[in-house]
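I opened the model today to look up a few strands and residues. Here are my notes.

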Amino acid sequence: MTFQLGLFSPNTESGLAITTVPERWHATWENNLRLATIADEAGLDFLLPVARWTDWGADTDFHRSVLDPLVWASGLLASTQRIRVFSTVHTAFHHPVVAAKQLATLDQLGSGRAGLNIVAGWHAPEYEMFGLTLPADHDTRYAYAQEWWDIVQRIWTSTEPFDHDGRFFRLRGVVGAPKPHNGTRVLTMNAGSSAQGRSFAARNADHAFTVVGGPQDGADVVKAIKADADSLGRSVGVFTLGHVVCRPTRAEAEDRLAYYADRHADWPAVDEVMRLQGLHAQSFTPEMLQTYRGRFAAGHGSCPLVGDPDDVAGALAGFAAAGFDGIALSFLDYADELGHFAAEVLPRLAALGVRPSAGGARPSVRPPAAAPRPESEPT
């Protein structure tokens, strides 16, 4: 399978960059529609949103505004031709009967291009916002997600009404139509980096979406997830995430990174995000949280892809060589930078045998905007 490329979190204000610079991503509908058009024309494979219900506090604009993933996906599927558009769904906040119909409708709308990213939940303030209590242990969260997913799948495959009596749900006379466009299933991803999350993906998902430090430790993660799936008679692709800073020279890229993720990082928000990740999630190990503060400012702890086009293409090729099936990317300003990435990095990936040669329409390309500098800063 071709190494897949997608975009992660463009439905959120600031994307993954926890920064105060004015040219950070603004998640308006107009910007997302423009970005999706560029990505579709460039031949990218998927768009993956974040589901966020509350913000990170009054003193930061990071994720202040977030477009709802299901509604966002419906608009983008109706406005694009080939790219897959995922919806990120928190099992605790979406009843499975409702979610099954919403997702099947999306898949009909997109002629089979809808995707589902299942999230078992980790953000305690969001649970409190809904009047719920976040289960302290991951086993309970994923047991709930498993029962939720079993119900959704049964709705998609059943032609007769059914009852369900489980640990978390008691349902009567359940029916659901339409079914997904291509039959009985929407392509499914599971975002989880804990042992329970990776096991859930191996049992249920088409793709596991997981945090790693880089290709080196990621290779072992890929082997473990795929071996787990293979033991169950399944085949699962493994995706990870990274933030891109691509400039004509490595020095320019490193300066751009320092500009937005060091000199103008939103450090209080970085520390709050890391604090809550450490309390309630297992996406990052304690060792990662001790050393990844800069990565969180640059891209929410994702892998850095920084340098000139050859550097970035080589780094992406490293993930493919490690066995990953794809990566979800973020940029400081997605739409401003994606055209340059498509024009400069995609042909290099094709030359490396990681991606097919580009064909068809290409997006209009302009160089990404330079970082504005206060007069006191050196040039």
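**Source.** I am working with a predicted model, where local features need pLDDT of at least 70, side-chain atom pairs count only at pLDDT 80 or more, and totals for chains, interfaces and linings use all residues. Residues are numbered from 1 along each chain as its sequence is written, and side-chain values use heavy atoms, with hydrogens and water left out.

**Strands.** Six of the seven residues in β3 are buried, meaning under 20% relative accessible area with a 1.4 Å probe, protein chains only. What joins β3 to β4 (residues 114-119)? I found six bridges, and the two strands run parallel. Strands pair if DSSP finds at least two bridges between them. In this pairing, His 90 stands opposite Val 119 of β4. From β3 the chain crosses through helix α3 (residues 96-109) to β4, and this β-α-β crossover is right-handed. That means clockwise from the first strand over the helix to the second, with the strands pointing away from the viewer.

**Asp 217.** I found Asp 217 in helix α7, residues 215-231. Asp 217 counts as partly exposed because its relative accessibility is 33%; the class lies between buried and exposed, which is over 50%. The side chain of Asp 217 reaches the backbone nitrogen of Gly 213 at 3.0 Å. I also checked Ala 322: it is 105 residues from Asp 217 in sequence, yet 9.0 Å away in space, C-alpha to C-alpha.

Terms used:
Helix = DSSP H or I, 4+ residues; strand = E, 2+ residues; numbered from the N terminus. Polar contact = N/O pair within 3.5 Å; in protein donor to acceptor, adjacent residues only side chain to side chain.
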